[in-house]
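This report goes through one structure, part by part. The sequence and model come next, and the notes follow.

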Amino acid sequence: SIAQSERVIVAPAVPIARENQPSPFTRTGPGFDDSVKPDFVERGGNLVNDQQLGISHNAGTNVVMASGQLTPPLQHSNGTSFAGPRVANHLVGIIRDLRAVVPEPSAPLLRALMALSANSPSNSPFLNLDDSLNAFGYGLPDAARATDCAGHSVVLFHDGSLEADRVALFRIPVPIEIRDSGRALKQISVSIATAPAVQAWGVAEYLAAQLKFRLFRGDKAVEDIVAMMQREDGDENLAPQTRVDDLPGKLRVRRRSVGTL
């Protein structure tokens, strides 16, 4: 949960969190096998430091919602339980747009598109990427951005099954309009979500929960790319005769090789 407001009503109190910073009552991880947890964040309210009441909630920093009654029609409160429905609302928007081409989208596809749409909230106090991931996950989702295909962007997706301990290659065509555009910065964002089976003896270990990916230029030999996929970050590339460098990204291979997203 992140705070959506610093505005305090009536009471002479000071908000604890700045706007879009982690709510004072929110929690993070640890996820299994050092995976990112939580996946996403949304607005869940804030707390204030009141000179008389101490740490308390305030109508100005709370989340406003329908009361379910005629009078009063609105109520307010705070908590991570209010961030959850907001994230679910983004999923509904993605499903609505996606059903034009996929009548029954899978849960991993929806999670992958949600991650594709997410950005770190503004006012983040974290400069280190690992710290930001631990606090915000992949960020604040945006349903409209998840499936947006415009003159400057294209969304491609695959929804299917992959065998364990295999390397799968996907070609990413870059449209000529984007390739030849005058923009100095061109970005490729990749998100992969899986639904691994849970071990029968508990949730401490998952099947197929580690799935790493790399991006390579399209003019590299397939056998060299497959050999490169078999090594971890920092390992010597001994399998192929010619070294094949992957395209740089924000996340290290080890960071993006754990968890189910």
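## Pro73 and its loop

Leaving out residues up to four places away in sequence, Pro73 touches Met65, Ala66 and Ser67, where contact means heavy atoms within 4.5 Å. Pro73 lies in the loop between β4 (63-66) and β5 (74-77). With a relative accessible area of 51%, Pro73 is exposed; the classes are buried under 20% relative accessible area, exposed over 50% and partly exposed in between, with a 1.4 Å probe and protein chains only.

## Basis of the values

This is a predicted model, in which local features need pLDDT of at least 70 and side-chain atom pairs count only at pLDDT 80 or more, while totals for chains, interfaces and linings use all residues. Residues are numbered from 1 along each chain as its sequence is written, and side-chain values use heavy atoms, with hydrogens and water left out.

## Overall make-up

The protein chain has six helices and five strands. Helices (H or I, at least four residues) and strands (E, at least two) are DSSP runs, numbered from the N terminus. From the N terminus on, the elements run β-β-β-β-β-α-α-α-α-α-α.

Of the 261 residues in the protein chain, 33% are buried. Among contacts with a separation of 6 or more, 58% are between residues 24 or more positions apart.

## The three-stranded sheet

Three strands form an open sheet in the order β1-β2-β3, with antiparallel pairing. Two strands pair if DSSP finds at least two bridges between them. β1 (13-15) and β3 (54-56) stand at the edges with a single partner strand each, so one side of each has no neighbour in the sheet. From one strand to the next, the twist averages 30°; axes are lines fitted to C-alpha atoms, for helices over the stretch in contact, and angles run from 0 to 180 degrees between N-to-C directions.

Strand β2 (residues 48-50) pairs with β3 in the antiparallel sense over three bridges. Asp50 has Gly54 of β3 as its bridge partner.

## Helix α1

α1 has 19 residues and spans 28 Å from its first C-alpha to its last, close to the 27 Å expected at 1.5 Å a residue. The expected span is 1.5 Å times one less than the number of residues.

The buried residues of α1 are Ala83, Val87, His90, Gly93, Ile94 and Leu98. They cover an arc of only 130° around the axis, which puts them on the same side of α1; the arc is that of the directions from the helix axis to the C-beta atoms. These buried residues pack against α2 and α4. On the face turned away from the buried side, α1 carries the exposed residues Ser81, Pro85, Asn89, Val92 and Arg96.

## The largest nonpolar core

The largest nonpolar core has 16 residues, and those with the most contacts inside it are Phe40, Ile94, Leu98, Leu113, Met114 and Leu261. Such a core is a set of buried Ala, Val, Leu, Ile, Met, Phe, Trp, Tyr and Cys residues joined through side-chain atoms within 4.5 Å. Two or more residues each come from α1 (80-98), α2 (107-117) and α4 (143-146). The most come from α2, which gives six residues.

Not counting residues up to four places away in sequence, Met114 touches Phe40, Val87, His90, Leu91, Ile94 and Pro141.

## Ser132

Ser132 sits in helix α3 (residues 129-136). It counts as buried, at 7% relative accessibility. Apart from its neighbours within four places in sequence, Ser132 is in contact with Ser120, Phe126 and Gly137.
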